[in-house]
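Have the structure open and follow along.

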Amino acid sequence: MSKMMKGFAMLKIGEVGWIEKEVPKCGPLDAICKPLAIAICTSDIHTVYEGAVGERTNMILGHEGCAEVVEVGELVKDFKPGDRVLVPAITPNWSSIEAQSGYAVHSNGMLAGWKFSNFKDGLDAEFFHVNDADGNLAHLPSSINIVDACMLSDMVPTGFHGVELADVQFGDTVLVIGIGPVGLMSVAGAHMRGASRIIAVGTRPKCVEAAKFYGADEFISYKNGKIEDQVLQMTNGKGVDKVIVAGGGVETFESAVKSVKAGGKIGNVNYLGSGDYISIPRVEWGVGMGHKQINGGLMPGGRLRMEKLGALVANGKLDVSKLATHIYDGEENIPTALQIMKDKPADLIKPVVTFK
């Protein structure tokens, strides 16, 4: 392995480009991997072009992908060079106090389980580093292709976590706000959890088509009026049992609170890239006493999560093939894939780049 590598990086807010860096060093519990395929995320756009997490200088981008292990530390037990692996977007430190308290994603600080392309170089390079390899990597089932494997890094676990945060139960009426790739996986997760009625907010035909495939029953367009007004009309004034927020901005919470019943739950997995505060309507929140819960969380990372979600795909219980609409062969196409995610043409759901 050479000492230097090429990576596609955020040079500063609003600017990206190829850079050279030293190949990362492998600690005793860690692994060095080379990507097989990577996906571009909307959060990359928030990070680069909105400065959502602040200034980053020469930080290699990318947090979704699958890979081949090229080196492991001397204390790694379950992985070896040549293994093909699923790589979660969130890689906690599993020995941390926060992990022991049940919030591994916040190990060593709020959101600090999100390392790749946040405060650590990401996957869009010839090689990348994974901390705590036995706790974070998962073997890639042979029946899952590398494009689908990318969806297991972030889109599936984040969408499903929205379902968990909203506590969807059998027979619930569920509103999913936003049907990009994360929202589509929230629709799929709510359907798998037994929701009796799923109302999805979104207008792009490609996404609507996919949402129907994953179990959405009815659709709302924000272009036709306020979301909450349409929800209340569709539910005879009762509202929905649960809301999953997978898109929109800080103002979206107002619609979510107004749409959910007293005692209902809202699960947010949307990355709020701008704005200082969210809006919670006082009266519709029951003047603070309506038992309308708002839960927001970063998707759980780690090996167990990857293995379970991988098993759903490998055993035919979840088809993620509808998500990757733009597939590019060759890492030189990463800038093109990032730009198309920024532009969001009507036929886009998710871009993926395979490595040579």
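First, some housekeeping. This is a predicted model, so local features need pLDDT of at least 70 and side-chain atom pairs count only at pLDDT 80 or more, while totals for chains, interfaces and linings use all residues. Residues are numbered from 1 along each chain as its sequence is written, and side-chain values use heavy atoms, with hydrogens and water left out.

**The whole chain**

The protein chain holds 11 helices and 16 strands; helices (H or I, at least four residues) and strands (E, at least two) are DSSP runs, numbered from the N terminus. Its C-alpha atoms fill a box of roughly 65 × 40 × 40 Å along the principal axes. For 356 residues, a compact globule would have a radius of gyration near 21 Å, and the 20 Å of this chain agrees. That radius is taken over C-alpha atoms, and the globule rule is 2.2 Å times the number of residues to the power 0.38.

How much of the chain is buried? Of the 356 residues, 56% are, where buried means under 20% relative accessible area, exposed over 50%, and partly exposed in between (1.4 Å probe, protein chains only). Among contacts (heavy atoms within 4.5 Å) with a separation of 6 or more, 72% are between residues 24 or more positions apart.

Helix H7 spans residues 205-214, and its buried residues are Cys207, Val208, Ala210, Ala211 and Tyr214. Seen down the axis of H7, they fall within an arc of 165°, so they line one face of the helix. The arc is that of the directions from the helix axis to the C-beta atoms. On the face turned away from the buried side sit the exposed residues Pro205, Glu209 and Lys212. The cover over the buried residues of H7 includes helix H6 (181-192) and strand E11 (218-220).

Helix H11 (residues 334-343) buries Ile334, Ala337, Leu338, Ile340 and Met341. Down the axis of H11, these buried residues also fall within an arc of 165°, so they line one face. They pack against several elements, including strands E1 (4-12), E2 (15-22) and E3 (31-39), plus helix H1 (42-49).

**Positive phi values**

Most residues other than glycine have a negative phi.

| Residue | Phi | Where |
|---|---|---|
| Gly215 | about 125° | just after H7 |
| Lys344 | about 50° | just after H11 |

Is Asn108 buried or exposed? At 54% relative accessibility, Asn108 counts as exposed, whereas Asp167 is partly exposed, with a relative accessible area of 24%.

**A closer look at Val130**

Val130 belongs to strand E7 (residues 128-130) and counts as buried, at 1% relative accessibility. Which residues touch Val130, leaving aside neighbours within four places in sequence? They are Asp30, Ala31, Cys33, Phe116, Lys120, Asn136 and Leu137. Val130 and Pro24 are 106 residues apart in sequence, yet their C-alpha atoms are 9.6 Å apart in space.
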